[in-house]
Amino acid sequence: MQDILILSFVFLVAGVIAVPIATRLGLGSVLGYLIAGIVISPLLGAFGVNVVSLQHFAEFGVVMMLFLVGLELEPKMLWQMRHRLVGLGGLQVALSTGVVMAAALALGQPWTVALAIGLVLSLSSTAIVLQTLQEKGLMKSDGGQGSFSVLLAQDIAVIPMLALVPLLAMPELIEALSHAADHVGDGHGGGDHGESFDFMGQFAAWQQALITVGAVGVVVVGGSVLTRPLFRFVAVTRLRELFTATALMIVIGIAALMTIVGLSPALGTFLAGVVLANSEYRHELESDIDPFKGLLLGLFFMTVGAGINFGLLGENLGSIIALTLALLLAKGAVLYFLGWMFKINGADRWLLTLGMAQAGEFAFVLLSFTVASAVIPKAIADQILLVVALSMLLTPALFILFDRVVAPRFAAGGDQDPDEIEHKGSVIIAGHGRFGGVINRMLRNSGHTTVVLDFSSAQLEMLRTFGFRAYFGDATRPDLLHTAGIQDAAMLVVAIDDREQITELVHYCTTNYPHVKIVARAMNRDHVYELYAAGCREIIRDTFDSSVRAGRSALQALGMHPYDAELFTRSFVNDDRTALVALAGLYDPDIPSAENEPYVEKAKELMAEQERALKGEKNSFHSRLDRGWTPPNIGEIEAENAS
Amino acid sequence: MARVLVYYAHPGARYSRVNTRMAKAAEQIDDITFVDLYARYPRQVIDADAEQQLLRDHDVIVFQFPLFWYSTPSIIKEWQDLVLEQGFAYGKGGTELAGKTMMLAISAAGPEDAYTEAGYQHFSLRTFLTPLEQTARLCKMRFATPYVLYAALKAEEDTQIASHVDGYRRILTALRDDTLDLDAIEAAAPVLTCSSSLIPGDT
């Protein structure tokens, strides 16, 4: 227990110190984590931590990340990507494998080892690339989309690779392995796959296929059918942690299912994410999973940094660096060629080339698997491990190269398509009750994109039936606001009905997102002052307008001419507004208005004054209700003409 | 029988001595349509479709209003802007009002002699009404001689106003019954007043 606490503390300290520094220096969070990992690696050694097993645990961050990526990607978009997925992604894996294999053959490896190395190194790092693309806001660019297609294809390609690798086993290695069986596979990722193969092993091939298809079906159907009732069931409690637990349950459950049937858990959760991309619980799921993903990925990057065997690196420094550079060059060349072939142009092609040239975390998994399956000798695998880690370590540097050198050059050309950001310029409506609902309808009818957040399942399902896009969640939570896109939103409409929460939300938004316009609902006059103090300038008292209209109807029903009733109402609203402004300076949030003497005094004075004005003075034709045409006085005109 | 529509417009109805009484009289005549524009549109948001249909359904359109700044109260201008659309009232296909009659019933604060070149209003009342007259012409409507009360603010309740209101009632009734000789009235004088013998009496 003590060890776990100390160990967690060490990781957290390293991350908390290194990442802000790296970000400030413009290096990006990934490099920060990697450096933090390198710095703490002696400490981890002293604690006797198994960095590799920790890394496999942290890889779950990748699974979560793909779930989140899936949430952002509707099935329709995935279908539009299919050509790139198969063509661009498939060719990248095949060509990279071929090039690396050829190089390995040239270096004197037998073809089985060369092929295995090719497969291992053809994959790129989903964790680093996606994290960096998201951080830089490049996900929706052409290069980002291309990178994502390739990563997804690689993820799919891992499955046949895992099936293929054991077939490459070398007899003399199997023998060597059986002697040293105790040392290999303990806690390594290969062990996991071994287990899953055991489960599937008891079935015939056609049964296996059936089970696999069935598992995918469970994810797709379960995701679309079961999530809603599940969340509705949980929503009753209104406990935030229960939502987090539910979200984690879904992700971990799917990952477990996929592992059992021998599919990639990342792929499974990605699929579940896509299925849920249209769900009203999307933003809730996103904000629940996101912190876990972030922490696990951070841990993962640190283990990559910590996992570098500096002893081995020192011994083979020249050759490892040469191999790493050669790998980056070879994969980069393949990517550049494919970018040309698939018409990814300009800066985007360079983004693909530089961003995806490294080897990835799947290489770690595959390497331990190849060693366990007696395909690659341990000594070679250790060196490849270094190449993989080093290539990952260099990736942030390549991204910096892209940022500083490539992007500015192409930006000057001005032929770049603007990035498409889904929620950009949209309006977030917090609360879709009787107040927010009307606002939503008005904004949508006039062509604005709205993102509706509400805490009532029933309300949301009603909205869904009418074809609106609405999401479940508590809008006062900063993380949910963030996933709803507050940073890119044009406006926030605060239409929830809890006074304190409204003020809190307005305050949070004016402080953190001063560029977002806010229209807020106020419960009464004092609340108006509160919201004004919180920085909001469009404040609407929620029942004032309807009360005024009801008053006008009452006057009309009592026999007042409709136009007179209208004029009276206008005048009343004007007076109220005057009083609102006049009393603002006397309002004291710490004293209830009724006990605030100067406030009460001034209010009384205003009321009396307004009553006098409304009743009109002697010459009622000129009271302020009736400003308008008065015929000229003949006597005055004649007097003027005479003078 | 002609279908008569009366549009009444007075933003300060409760201070009116002449127009309110005229409006009450008009309302009480059977088989004519009476519309208080400021009551129907207190927010001055006019439903052009409904108004156009109302115009289609009538043959004689009477505007009753006090003269403000040598023109109509603002709601009638707004009504004109929105209801008399191209393609409805004028222009290509705009023949919906063709053949109908427009008549004005106006109260003016100035005395009759003010509306002369020597008077302080400098122009004749008909000159001030030419925009409306031309409006009627563009819409292929007949612009009937306006029914006028001069010096309306100084008019005696029991005598002048009462007979003006009664003349108004008789005009509307005669318009409804097709017994008003518009040609003779037009030939007689530029404006029609309650003393005219061309307004039929009660039968």
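Predicted model: local features only at pLDDT ≥ 70, side-chain atom pairs only at ≥ 80, totals over all residues.

I'll start with chain B, then move to a few spots in chain A.

Chain B first. How many helices and strands does chain B have? Eight helices and six strands. Trace chain B along the sequence, and the pattern reads β-α-β-α-α-β-α-β-α-α-β-β-α-α. So much for the order of elements.

Now the burial. Chain B has 203 residues, and 52% of them are buried. Next, the contacts. Take the contacts in chain B with a separation of 6 or more: 77% of these join residues 24 or more positions apart. Then the surface.

Over to chain A. Which residues form a negative surface patch? Asp497(A), Asp498(A), Glu500(A) and Glu504(A). Let's pick out Glu500(A). Glu500(A) sits in helix α25, which covers residues 499-512 of chain A. Is Glu500(A) buried or exposed? Exposed, because its relative accessible area is 57%, and the cut-off for exposed is over 50%.

Last stop: Ser224(A). Ser224(A) belongs to helix α12, residues 205-225 of chain A. Its relative accessibility is 45%, so Ser224(A) counts as partly exposed. Now find Leu276(A). Along the chain, Ser224(A) and Leu276(A) are 52 residues apart.

Key
Residues numbered from 1 in each chain as written. Chains lettered and ligands numbered in written order. Heavy atoms only, no water. Patch = residues over 30% accessible without salt bridge, like charges linked within 9 Å, V, L, I, M, F, W, Y side chains within 5 Å. Areas by Shrake-Rupley, 256 points an atom, 1.4 Å probe, with all protein chains shown as cover. Salt bridge = Lys/Arg side-chain N within 4 Å of Asp/Glu carboxyl O. Lys, Arg positive; Asp, Glu negative; His and termini not counted. Charge placed at Lys NZ, Arg CZ, Asp CG, Glu CD. Helix = DSSP H or I, 4+ residues; strand = E, 2+ residues; numbered from the N terminus. Buried < 20%, exposed > 50% of the residue type's maximum accessible area, 1.4 Å probe, protein only. Contact = heavy atoms within 4.5 Å.
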